[in-house]
Amino acid sequence: MPLHLPEGKRLAVNIGVDFDAHSVWMGLFERTSPLYLSRGEFGAEVGVPRLLDLFDRHDVRATFFTPTHTMATFPDRVAAVVDAGHEIAAHGCYHEFVPALDAPEERRLMEVTIGLHEKYIGRRPIGYRSPASDFTDETHRLLEEFGFGYDSSLMGRDFQPYRPRPVTTVDRERGNTFGDPASFLEFPVSWYLGDFPATEYVPGANPGFTPIEPLLTQWMEQFDYAYANEPNGSVCLTVHPQCIGRAHHIMALERFVEYVGSHRDVWLAPLRDLAARWEDTRT
């Protein structure tokens, strides 16, 4: 397997925290009322401290996918994430809906994103997660051009990192064609390994209100399958501070972390560390 984990480790688990704060309401849902912005504020001022406390008690290092709008709006909270040793990865500027961008604007926002990472974090990001959970034809090229080491937006696998191939031609009769594998690594995600679609109520857009117990069971069962059947694989859980930071949700996340941690041969790590363990087998 190209992903070579530390000695004695069978499976890697990453907790990816989408630290959206205000930006998800402004960018994706185009809602800026005091109510919606307060929900983002809860994520920054309540959810993030609860996550940092949980991670500290269980010695977990996570990856915080953070829009630059969050960095500018809640700099103290972002600094606390960095000071605790967690990775900050790119998540756009203002949680923009990437498929709606034309190529020049997508490029401009990528340049702004990298520049603001250098300003607020002091370095360029290694990884990227699309704020729209989707790409355009331009996204793949931009990630290669700007030298990203990994992406975590796509769903072409479930528990194995891979190098994604862009679909260069869509043909309904003669089949689609692929381009060359990317220079960046893909850590796949899944709607089934996340919290926002199931738990966050958005009137007219997302029903939310899924009880946390079935969701926790689903996460554990996917972990169990990967542990038994995907050696040297990776399980990528996606959580949002304004969702998972709620009292009953953070307790469920702690149970998941405890369950994963009870397996001594599982490595809980940020994606930057997993990407460093990839050995390319291409010739």
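Asp18, Phe19, Asp20, Ala21, Gly43, His240, Pro241 and Gln242 line the second largest cavity. A cavity here is a set of points on a 1 Å grid over the protein atoms alone where a 1.4 Å probe fits but cannot get out, and lining residues have an atom within 4 Å of a point. This is a predicted model, where local features need pLDDT of at least 70 and side-chain atom pairs count only at pLDDT 80 or more, while totals for chains, interfaces and linings use all residues. Residues are numbered from 1 along each chain as its sequence is written, and side-chain values use heavy atoms, with hydrogens and water left out.

**The cavities**
- The structure has 2 cavities of 30 Å³ or more.
- The second largest cavity comes in at about 30 Å³, a volume being the space filled by probe spheres set on the points.
- Its lining splits into 3 nonpolar, 3 polar and 2 charged residues (Ala, Val, Leu, Ile, Met, Phe, Trp, Tyr, Cys and Pro count as nonpolar, Asp, Glu, Lys and Arg as charged, the others, Gly among them, as polar).
- The largest cavity holds about 60 Å³ of space.
- Around the largest cavity sit Gly92, Glu96, Val98, Leu101, Glu106, Leu109, Met110, Thr113 and Tyr128, which divide into 5 nonpolar, 2 polar and 2 charged.
- Helix 5 (residues 103-120) gives the largest share of that lining, 4 residues; helices are DSSP runs of H or I, at least four residues, and strands are runs of E, at least two, numbered from the N terminus.

**The annotated domain**
- An unreviewed UniProt entry annotates residues 33-269 as "domain: NodB homology", and such annotations may be inferred rather than shown by experiment.
- Over residues 33-269 the chain is 45% helix and 12% strand, with the end C-alpha atoms 37 Å apart.

Note on methods. On a 1 Å grid over the protein atoms alone, a cavity is a set of points where a 1.4 Å probe fits but cannot get out, and a pocket is an open set with protein on both sides within 12 Å along at least five of seven lines; lining residues have an atom within 4 Å of a point.
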